[in-house]
Amino acid sequence: MNYKTLFLLSLLFIFNQLLVAQSGEINDTTNLPVIEYSNAAPKYEIAEITVSGADNYEDFVLIGFSGLAVGDIINVPGTAITNAVKRFWKQGLFSDVKILATKIEDGKIWLKIDLKERPRISEINYNGLKKSEIDDLEIRVGLVKGNQITPNISDRAKTVIEKYMEEKGFLNVLVNVYQKNDPKKAGHVIVDINVDKKLKTKVHSINITGNNALTFNQINKAMKKTNDKNWRNFFRTKKFVKEEFEKDKVALVDKYNEVGYRDAYIVSDSVAAFDEKSVDIFMKIDEGKKYYFRNIKWIGNTIYPYEYLDAVLNIKKGDVYNHKNLMNRLQTDDDAVSKLYQNRGYLFFQVDPVEVQIYKDSIDLEMRMFEGKPATINEIGIKGNTRVYEHVVRREIRTKPGQLYSQEDVMRTLRELAQMGHFDQEKLVPDIQPDPENGTVDITYQLETKGSDQIEFSAGWGSTGVVGSIGLKFSNFAIQNLFRPETYRIVPQGEGQTLSLNARTNGDSYSSFSLSFLEPWLGGKRPNSLSASIYYSTQSAISERYSSNLSSLYSSYYTSGYSSGYNSSYITEVDPERYMRTIGASLGYGKRLSWPDDYFTFYGELSYQLFMLSNWYAGYFPMTDGAFNNLSLNLTLSRSSIDNPIYTRSGSAFSLGLKITPPYSSFNGKDYTDEDMTSAERYKFIEYHKWTMSGKTFTPLTPDNKLVLMSRVMFSYLGHYNENAKSPFEAFNMGGDGMSSYTSYGTDYIAMRGYESGALTPVNSTTGTYMGYLYDKFTMELRYPLSLEQSATIYALTFVEAGNCFSGIKDYNPFDLKRTAGVGVRIFLPMFGMMGIDWGYGFDKVNGTTSGSQFHFVLGQEL
């Protein structure tokens, strides 16, 4: 029998199996239609198509997928039937596929698509994994209960798990995926995934030959994810991951390129098992020669002269050849050459550094430039804003239609949008779509709205018990919509104004209320702000009966022990005739300046406070009775360029403030040297001048801008016009967390971690009261984010701090500083604001005692 005859018989047998007519059992051939096989296959019209064995799919879907349709003229046998079978096999959802001819009559054929579905998953069991690992893998492997499982899906799941475990350092992991029929569900299987992690694979040693230009420690530093057990890698991962090793090899070559070895490459590398849980790495390096920049020539520049471009590039003849630095100076850095052009509208600018000559160890470069034409902004789009009116967003955007494109304006816009507080700062992305043909560009700002309204519930401990506080802050208030109920979400919203309400009380002894309003764009055309606030507080002193009883209790305790006859009814008694009350109001106006640059703002505020004392504690102020008026003008010049108000990575914030009152003592005709003048008369009209200075800088320390160093300096001085009219109000109380259990408008509380509340406040030798008239404070804080999600921003910090509080200029010693260091954490929740806890250790003695360990809680304020 020749090969052609054998091939023909085999082909006839295959088609006979595909076109079997069934009557009862498929193997029953007694009623099969007769198929004539010849060189010319007969043609039939499809009269009917039926489907069996696929109960989970609609018949019309499967018939359509087959490519066959009633009325089609097909060859039997022929490619139409064959292609239909291939389609079903390729889908992978069926374990058996047949297309049967059930009837042939009068040139027509009746077809039946007989399928057998692959099983569906009823249960998935992971064995040998932790719950956290299972949670991670469930998303990755793609196995879902109720879905079908195919060999490809099973193999993929195995591969994904192996790769995941390798990333965890388990290089020898074994993964098996088993299926077993579910006795409770026909056509379903239980999938068991068994993972044998073996031992975690770590790097035992890294052995390098051929390195002369870089020391082993420099190489070790360049390879960030592949590290041996060297003590320098104490805080770095030691696990071996193939993928990370490949990345580290590239990073090593890049490091050589940075120091001039542009031809460096890894000749060979290998990984050998040291034992069951560790490997040795071997690498051989060919460093090549060290190169230097020689001549740099600019071609195609018409906007800037080559001398200026040389200065911006800042690479000189004789500098070590560093391709990474070259590209950073051309493209990436904030002051790169390309940014220079883009800030003038040349969005289509391109520069290509070409090595035109290499002579010995020197390289000549040509900077081949295409400046193009300036790009004009065509459209500005905003997507994702569902919180504020669109004009509120657009007034913060620096890029306008018709203007020349400026990269600097785009970045400034992102900063201004972040400062609004209504959008997720981590997801502010500009979608820039240039159109080189028309010389235009469309910019769309992709925003993700977040809640910025805040509610505060807090409790503190005062001298008369627990103090409860509630605060509401609406940062998208719209006073224009007071009479438009459809805009209300508790309060009218939409205009980006801020309305804050706060109340604190512990019952009879203390209560305070405040209300403030801020309009950031007065009139809606310029970023000039208007602010207003009113506030009231009252605090009653404890009764003298309670004080006397408490003194008797202590006396009895220390002489004869605790007396069971102590009358506890005096515990919470207050005297309503002994109080300190404060009522005040302020009105402020702020203006954004254009000189020296538009990061500067000037703010002026006129405020009035009335302090009313009646038989008040003698230790608080030098007077116990009277009404005291504080009319002041507060002027502040500030500059802020921080990029993000919550977790700041870069920028700075500086302010210089002056708060002054009229010098009443110089024109009211009173003799303040008169020793018989009462305190109520002496301080009826409070006078002072108060100077404040603060500065903060934020410096990113890592390429991803996550690790940030915050440096801060603070200084303030409360001065006087007349030594005999020195103000007892507006003084400083330094130490602790900077929070008072009671809101006191007559004192500034300054935080100093590591020391008890008020511990650094000096005592006035004349009045015996605790009052500081000058303080300085210096802080360095290292921050790292743990979460930058919209739902919660969390970062850890460690700090060193130094500062002190003094009685006045004469006592000021800039070297007399109290030192502290510690750690802390901050959590910002959109609904509740900033919260946190710090632990600090005060190193220096205060009043002969070392402060030592102190915990401090943070609610809203910055320490």
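Biologist: Is Phe857 buried or exposed?

Modeller: This is a predicted model, and Phe857 is found in strand S36. Residues count as exposed when their relative accessible area is over 50%. Phe857 has a relative accessible area of 52%, so the residue is exposed.

Biologist: Which strand gives the most to the nonpolar patch?

Modeller: The patch on the surface is formed by Val823, Ile837, Trp839, Tyr841, Phe843, Phe855 and Phe857, with about 680 Å² of accessible area together. Strand S35 (833-846) and strand S36 (849-859) each supply at least two of its residues. The strand that gives the most, with four residues, is S35.

Biologist: Turning to another region, which strands stand at the edges of the open sheet of three strands?

Modeller: The order in this sheet is S8-S10-S9, with mixed pairing. Strand S8 (202-209) and strand S9 (265-275) each have a single partner strand, so one side of each is left without a neighbour in the sheet. From one strand to the next, the twist averages 20 degrees. The strands at the edges are therefore S8 and S9.

Biologist: At what angle to S9 does helix H7 run?

Modeller: Helix H7 comprises residues 242-258 and lies across S9 and S10. Angles here are taken between N-to-C directions, on a scale from 0 to 180 degrees. Relative to S9, the helix runs at about 140 degrees.

Methods: Residues are numbered from 1 along each chain as its sequence is written. This is a predicted model: local features need pLDDT of at least 70, side-chain atom pairs count only at pLDDT 80 or more; totals for chains, interfaces and linings use all residues. Side-chain values use heavy atoms; hydrogens and water are left out. Patches are made of residues with over 30% relative accessible area and no salt bridge: like charges are joined within 9 Å, nonpolar side chains (Val, Leu, Ile, Met, Phe, Trp, Tyr) within 5 Å. Accessible areas come from the Shrake-Rupley method with a 1.4 Å probe; for residues, only the protein chains shown count as cover. A salt bridge is a side-chain nitrogen of Lys or Arg within 4 Å of a carboxyl oxygen of Asp or Glu. Buried means under 20% relative accessible area, exposed over 50%, partly exposed in between (1.4 Å probe, protein chains only). Two strands pair if DSSP finds at least two bridges between them. Contact means heavy atoms within 4.5 Å.
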